[in-house]
Amino acid sequence: MSTEMTQSSAHVTKVTKNRIHVDYEGKMPFWKRLRLKIFSTYFLTQVVWHVFRFVIMLGISYVILFPFFSKIAGSFMGMEDFVDVTVRIVPKHFTLDTYKAIFLENKYLDAFLNTTLLSISAALLQTFVCCMIGYGLAKFKFKANKLILICVVLTMIVPHETLKLSLTMHFRYFDIGGLAGFTTAEGVRIIPGLLQLFGVNIMENDLLNTFWPMLIISATGLAFKNGLYIFMLRQFFRGVPDELEESAYVDGSSVMHTFFTIILPLSIPMMITVFLFAFSWQWTDEFYTKLFFPAANRITLMPDIAEIPKSLETNYAGQSLYYSAIKNTAGLMIIFPLVIVYLFCQKYLVQGIERSGIVG
C-alpha cells in the first residue's frame with residue numbers, strides 16, 4: 001500500500017500565477033508511453049491529415065512552378081536541344097546566346113531605363129491622386145459622393161478597348177478648352193508654347209511617342225486600374241478613426257494639413273501596396289504602350305524586347321519551339337526586376353492588402 005502511494009505520489013509546485021507544474025515521481029516507461037501515443041486514434045488521424053496536406057501542397061506547387069522551371073531551363077538551351085527528344089529540363093548544349101542577343105540587339109538596357117522612369121513617374125502620380133480621391137470619398141459627405149463612387153467602379157468595368165480610338169485622337173490632337181487654335185500677341189500658339197516650357201517641342205499638339213499621355217491620365221486618376229486603387233484606398237480610409245481628424249481640427253489644423261501630416265503617414269503601407277500594383281502593371285503594360293507609342297522610331301520600352309533578335313533568326317527544324325523559348329526568355333528578363341522589388345516590399349504589400357478591407 002505504501003509502495004503504491006509512493007509510486008503515484010507527485011510534487012505540485014506553483015510555477016507562475018496561472019500555471020501549476022506537476023512532477024510525478026513514478027513515471028511510465030518511455031517505450032510504453034511512445035506505444036500508447038503512436039497507436040492512439042488522435043495521433044493516427046493527425047498523421048494522415050498532415051501527409052494528405054503535404055501531398056496536395058506538393059502537387060499544387062508542382063503545377064504552379066513547373067512552367068517557370070521549364071522556361072528557365074529553356075532559356076539556356078541551344079537550338080539542337082529543341083529537336084532532341086531526350087532533352088526535357090536539363091540542356092545538353094548549355095548557352096547564354098539568347099540572353100546576350102536580347103540584351104544587346106533588343107536594347108534591354110535602354111528599355112529598362114525608359115520603363116523604370118515611366119513606371120515610377122506614373123505610379124507616384126497614381127498613388128498620390130488616388131489617395132486624395134479615396135480620402136475624399138471616404139471622409140467627406142456630399143451629394144455626389146455615391147455617384148462619383150459609381151463612376152469609379154465603372155472605370156473598372158468598361159473595357160479599355162472601347163476607349164482606344166478616343167484616347168488616340170485626344171492625344172494626337174491635344175487641346176485644353178480650345179486653346180490650341182489661339183495664339184499670343186507674338187504669334188506663338190498657346191498649347192505648343194506651354195509644352196515647350198516643359199521641354200516638349202511639338203508644334204502640332206501631338207503628344208504621341210512621349211511620356212505625356214501616361215503622365216496626364218495618371219495625374220487625372222484615369223490610368224489603368226486607377227478605379228481599383230481608389231476603391232482600395234477608400235476602404236482603408238474608412239477604417240481610420242474620425243477622432244484623429246476631429247482632434248486635429250480642434251487644434252486648428254486645416255483639412256490639407258491634416259491629410260499630409262496625419263492621414264498620409266498612417267497610410268504608408270497601403271500607399272506602398274498601391275504603388276507596387278501601379279508600378280508592376282505599368283512595367284508590363286502593352287495596351288497603352290502600343291497606343292501612345294505607335295511610331296516605328298519610338299523609344300524602347302520593356303514590351304519591345306519580346307522580339308526575335310536578328311542573330312537568332314533561323315530556319316532550323318525546331319524553329320517554332322526555339323522562337324517560343326526566346327520569347328519566354330525575354331519574358332523572364334522583363335519580370336526579373338519585379339521579382340526583386342517584391343522580395344524587398346512583400347511585407348508592406350501584405351499589410352496593405354489586409355488593411356484595405358477587400359479580402360475576407
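Me: What kind of model is it, and which pLDDT limits apply?
Reply: It is a predicted model; local features need pLDDT of at least 70, side-chain atom pairs count only at pLDDT 80 or more, and totals for chains, interfaces and linings use all residues. Residues are numbered from 1 along each chain as its sequence is written, and side-chain values use heavy atoms, with hydrogens and water left out.

Me: How many helices and strands in the protein?
Reply: 15 helices and 2 strands. These are DSSP runs numbered from the N terminus: H or I with at least four residues for helices, E with at least two for strands.

Me: How much of the protein is buried?
Reply: 32% of the 360 residues. Buried means under 20% relative accessible area, exposed over 50%, and partly exposed in between, with a 1.4 Å probe and protein chains only.

Me: Now the largest nonpolar core. How many residues?
Reply: 47 residues. Cys131, Leu233, Phe237, Ile305 and Ile326 have the most contacts inside it. A nonpolar core is a set of buried Ala, Val, Leu, Ile, Met, Phe, Trp, Tyr and Cys residues joined through side-chain atoms within 4.5 Å.

Me: Which elements give two or more residues to this core?
Reply: α4 (97–105), α5 (108–139), α6, α10, α12 (255–266), α13 (268–283) and α15. The largest share, 9 residues, comes from α15.

Me: What is Phe237 in contact with?
Reply: Leaving aside neighbours within four places in sequence, Phe237 contacts Cys131, Gly134, Tyr135, Ala138, Lys139, Ile263 and Ser267. Contact means heavy atoms within 4.5 Å.

Me: What does the second core include?
Reply: That separate core has 14 residues, including Leu118, Leu208, Ile217 and Leu301.

Me: At what angle do α6 and α10 pack?
Reply: Helix α6 (residues 145–157) and helix α10 (residues 226–238) pack at about 135 degrees, axes 8 Å apart. That makes α6 oblique to α10. Axes are lines fitted to C-alpha atoms, for helices over the stretch in contact, and angles run from 0 to 180 degrees between N-to-C directions. Under 35 degrees counts as roughly parallel, over 145 as roughly antiparallel, 65 to 115 as roughly perpendicular, and the rest as oblique.

Me: Which residues meet there, α6 to α10?
Reply: Leu149, Val152, Thr155 and Met156 in α6 meet Gly227, Leu228, Ile230, Phe231 and Arg234 in α10.

Me: Switching to Gln126. Buried or exposed?
Reply: Gln126 counts as buried, at 2% relative accessibility. Gln126 sits in helix α5. Beyond residues up to four places away, Gln126 touches Ser218, Ala223, Phe224, Asn226, Tyr229 and Ala278.

Me: How far apart are Gln126 and Ala219?
Reply: 93 residues in sequence, but 6.3 Å in space, C-alpha to C-alpha.

Me: What is phi of Lys107?
Reply: Near 55 degrees, a positive value in a residue other than glycine. Most residues other than glycine have a negative phi. Lys107 lies in the loop between α4 and α5 and is partly exposed, with a relative accessible area of 47%.

Me: And where is Thr300?
Reply: In the loop between α14 (287–292) and α15 (319–356). Thr300 is buried at 17% relative accessible area. Apart from neighbours within four places in sequence, Thr300 contacts Asn106, Lys107, Asp110, Ala111 and Asn114.
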